[in-house]
Amino acid sequence: MKLQTQIPLKKQSYNLIDYNSKLLLLGSCFSENIGNKLSFYKFQSEQNPFGILFHPKAIEKLITDAINQKKYTEEDIFYHNESWHCFNAHSSLSSLDKKEVLNNLNTANTATFKHLKNASHIIITLGTSWVYRKISSNAIVANCHKIPQKNFLKEILTIDEIAESLDAIIALTKSVNPDISIIFTVSPVRHIKDGFIENQQSKAHLLSAIHSIIDAKKNIYYFPSYEIMMDELRDYRFYAEDMIHPNNTAINYIWEKFIEVWISEQSKETMQKVATIQKGLTHRSFNPTSEAHQKFLKNIEQKKKHF
């Protein structure tokens with residue numbers, strides 16, 4: 001008896017991810033979930049140097065500025081709520097100090113350029129088609145930083161506009177790294193603040209645009225995170241308390257599916273050994289000074305040195 005409808009998945013036949021791969025993850029908060037898993041298992045990965053970015057125009061701008069090796073100056077930042085911010089970056093790069101935020105931005109930009117040039121894979125998670133356009137500059141922003149909404153126009157990107165943005169992302173990335181594999185996915189997190197119907201429209205635009213540009217012959221792929229969440233995990237027991245974000249069970253489930261498609265078989269044994277060490281490092285003893293615990297710590301340290 002089948003109690004679940006499952007998304008058909010096929011193991012990637014080449015360009016698999018292993019411990020020699022170098023990965024860059026960009027996009028919405030779901031890219032952080034997958035990025036944290038890769039980090040836990042000690043893959044060579046970097047995630048969101050500019051913080052969480054939700055829409056394709058923000059990611060296109062990020063990649064454009066990185067490749068052009070843009071130098072951020074005082075003209076690119078602004079003061080609001082006693083902190084300095086940049087419309088192109090997440091608030092995690094903001095600071096009370098003007099010099100610090102500029103340093104954060106330029107360091108992130110340099111790091112992004114380096115990772116774009118050296119990465120074997122880039123994983124881009126798109127969250128929404130809705131964007132905010134600053135009225136005074138007519139520029140689409142990555143983050144509003146809690147500036148009153150009256151200063152922005154809210155609009156939804158069309159399928160063609162998203163496809164054009166994704167084409168630009170691909171062309172820019174491959175201009176500095178022709179052999180890179182690009183994996184697109186859509187975040188299963190629902191943007192309810194946009195409205196229930198509006199969220200569905202937004203996701204539909206993203207999905208339609210992505211499927212118009214994926215091409216395995218050009219190393220451009222799609223991984224169905226959104227579909228797995230919506231179909232295989234269609235029960236509120238797979239959501240966090242806000243009933244919007246996937247909980248740990250759902251994240252682990254989708255991660256297992258990602259392993260099934262993208263991680264090489266040779267890497268799985270190493271992942272198990274890494275997991276054993278990681279769990280050992282988080283173990284808390286009732287008696288830290290005991291001989292048994294000291295022996296346990298020595299064993300963990302030997303395993304680390306072996307790796």
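Buried, as the word is used in these legends, means a relative accessible area under 20%, whereas exposed means over 50% and partly exposed covers the values in between. The structure shown in every view is a predicted model.

**View 1. A three-stranded open sheet in the order S7-S6-S8.**
The close-up shows 3 strands that form an open sheet in the order S7-S6-S8, with antiparallel pairing. Strand S7 (140-141) and strand S8 (152-156) stand at the edges and each has a single partner strand, so one side of each is left without a neighbour in the sheet. Strand S6, which covers residues 130-134, pairs with S7 in the antiparallel sense over 2 bridges. Within this pairing, Tyr132 has Val141 in S7 as its bridge partner. In general, the strands of a sheet pair through backbone hydrogen bonds, in either a parallel or an antiparallel way.

**View 2. A salt bridge between Arg133 and Glu155.**
Arg133 forms a salt bridge with Glu155, and the closest N and O atoms of the two are 2.9 Å apart. Because Arg133 lies in strand S6 and Glu155 in strand S8, the pair ties together parts that are 22 residues apart in sequence. Arg133 is buried, since its relative accessible area is 18% and the cut-off for that word is under 20%. Glu155, with a relative accessible area of 24%, is partly exposed.

The side chains of Lys257 and Glu232 meet in a salt bridge with an N to O distance of 3.7 Å. This pair links distant parts of the chain, as Lys257 belongs to helix H7 (residues 248-262) and Glu232 to helix H6 (residues 225-232), 25 residues apart. The contact is made by Ser225, Ile228, Met229 and Glu232 on the H6 side and by Ala250, Tyr253, Ile254 and Lys257 on the H7 side.

A search of the whole structure finds 12 salt bridges. One of the pairs is formed by Arg237 and Asp235, whose side chains meet with an N to O distance of 3.7 Å. Arg237 is exposed, at a relative accessible area of 60%, while Asp235 counts as partly exposed at 35% relative accessibility. Elsewhere, Lys11, Glu265 and Lys268 are linked in a network of salt bridges.

**View 3. Packing of helices H2 and H4.**
Helix H2 (residues 56-67) and helix H4 (residues 159-176) pack at an angle of about 25°, with 9 Å between their axes. That angle makes H2 roughly parallel to H4, because angles under 35 degrees are counted in this way. H2 passes H4 in a left-handed crossing. The residues of H2 that meet H4 include Pro56, Ile59, Ile63 and Ile67, and among the residues they meet in H4 are Ile162, Leu166, Ile169, Leu172 and Val176.

Asn106 lies in helix H3, which spans residues 98-118. The residue is buried, with a relative accessible area of 14%. When its neighbours within four places in sequence are left aside, Asn106 is in contact with Lys70, Lys71 and Tyr72.

Most residues other than glycine have a negative phi. Lys146, found in the loop between S7 and S8, has a phi near 65°, a positive value in a residue other than glycine. Asn219 likewise has a positive phi, of about 60°, although it is not a glycine. Asn219 is placed in the loop between helix H5 (196-213) and strand S10 (220-222). With regard to accessibility, Lys146 counts as exposed at 75%, whereas Asn219 counts as buried at 16%.

Notes: Residues numbered from 1 in each chain as written. Predicted model: local features only at pLDDT ≥ 70, side-chain atom pairs only at ≥ 80, totals over all residues. Heavy atoms only, no water. Pairing = 2+ DSSP bridges. Helix = DSSP H or I, 4+ residues; strand = E, 2+ residues; numbered from the N terminus. Salt bridge = Lys/Arg side-chain N within 4 Å of Asp/Glu carboxyl O. Buried < 20%, exposed > 50% of the residue type's maximum accessible area, 1.4 Å probe, protein only. Axes fitted to C-alpha atoms, helices over the stretch in contact; angles between N-to-C directions. Parallel < 35°, antiparallel > 145°, perpendicular 65-115°, else oblique. Left-handed = near helix turned anticlockwise from the far one by under 90°. Contact = heavy atoms within 4.5 Å.
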